[in-house]
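Trainee: I'm new to this one. Can we walk through it together?
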Amino acid sequence: MARVGLTPERLTQAGAELADEVGFDQVTVSALARRFDVKVASLYSHVKNSQDLRTRIALLALTELADRAADALAGRAGKEALAALANVYRDYAREHPGRYAAAQLRLDPQTAAASAGVRHAQMTRALLRGYDLTEPDQTHAVRLLGSVFHGYVSLEMGGGFSHSAPDTDDTWARILDALDTLLRNWPAPPTDPRG
């Protein structure tokens, strides 16, 4: 029998909070059961296993990020939109480090296709249309932005920049300036050296 008050949604939210506190890699059904002071078996009527719980947290994080990004991008274009999107990712990672890690979880293709990850790609591509990029350059730019945002945020969160000046906010602003300049001056595809 299901414990009163426990639902998949409540467990997912509690799992997300736990991820922010102890790290996404530490979230298991057992850890969540301890949090609710219940037996592990009582949670299996709501989640299949720890992987199912982690997937649910990832989907929650992707949705939260997409909602924030949509709000931040509304009415913006060009560099202003680029900075808004970048800041959504950085701020979310700072506020919710475990959820941010969850958003990086590799999902199976069917789950990924039904997730808010699709909205992330759509919003990034919409932002890039302001830079007049077409395929395949648009896909290259999507990958570039994701790599830079995630790479910087991951290094910053891991303390990789805490040992030296200048301030990380200054560096972040310069990176966004550089990305804007690159996107406005995207290089032409290389010519085939074989002729």
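Trainee: How far apart are the end C-alpha atoms of helix H8?
Mentor: They are 30 Å apart. H8 covers residues 137–157, so 21 residues at 1.5 Å a residue should span 30 Å, which agrees. The expected span is 1.5 Å times one less than the number of residues. Helices are DSSP runs (H or I, at least four residues), numbered from the N terminus.

Trainee: Where do these numbers come from?
Mentor: This is a predicted model; local features need pLDDT of at least 70, side-chain atom pairs count only at pLDDT 80 or more, and totals for chains, interfaces and linings use all residues. Residues are numbered from 1 along each chain as its sequence is written, and side-chain values use heavy atoms, without hydrogens and water.

Trainee: Which residues of H8 are buried?
Mentor: Among them are Ala141, Leu145, Phe149, Tyr152 and Glu156. Buried means under 20% relative accessible area, exposed over 50%, partly exposed in between (1.4 Å probe, protein chains only).

Trainee: What covers the buried residues of H8?
Mentor: The cover includes H4 (78–95), H5 (97–102), H7 (117–129) and H9 (168–184).

Trainee: New topic. Which residues does the cis peptide bond with omega of about 0° join?
Mentor: Glu135 and Pro136. Pro136 sits in the loop between H7 and H8. Another cis bond joins Ala165 and Pro166, with omega of about 5°. Most peptide bonds are trans.

Trainee: And what is the phi of Asp132?
Mentor: Near 60°, a positive value in a residue other than glycine. Asp132 is in the loop between H7 and H8.

Trainee: Is Asp132 buried or exposed?
Mentor: Exposed, with a relative accessible area of 69%.

Technical notes:
Helix = DSSP H or I, 4+ residues; strand = E, 2+ residues; numbered from the N terminus. Contact = heavy atoms within 4.5 Å.
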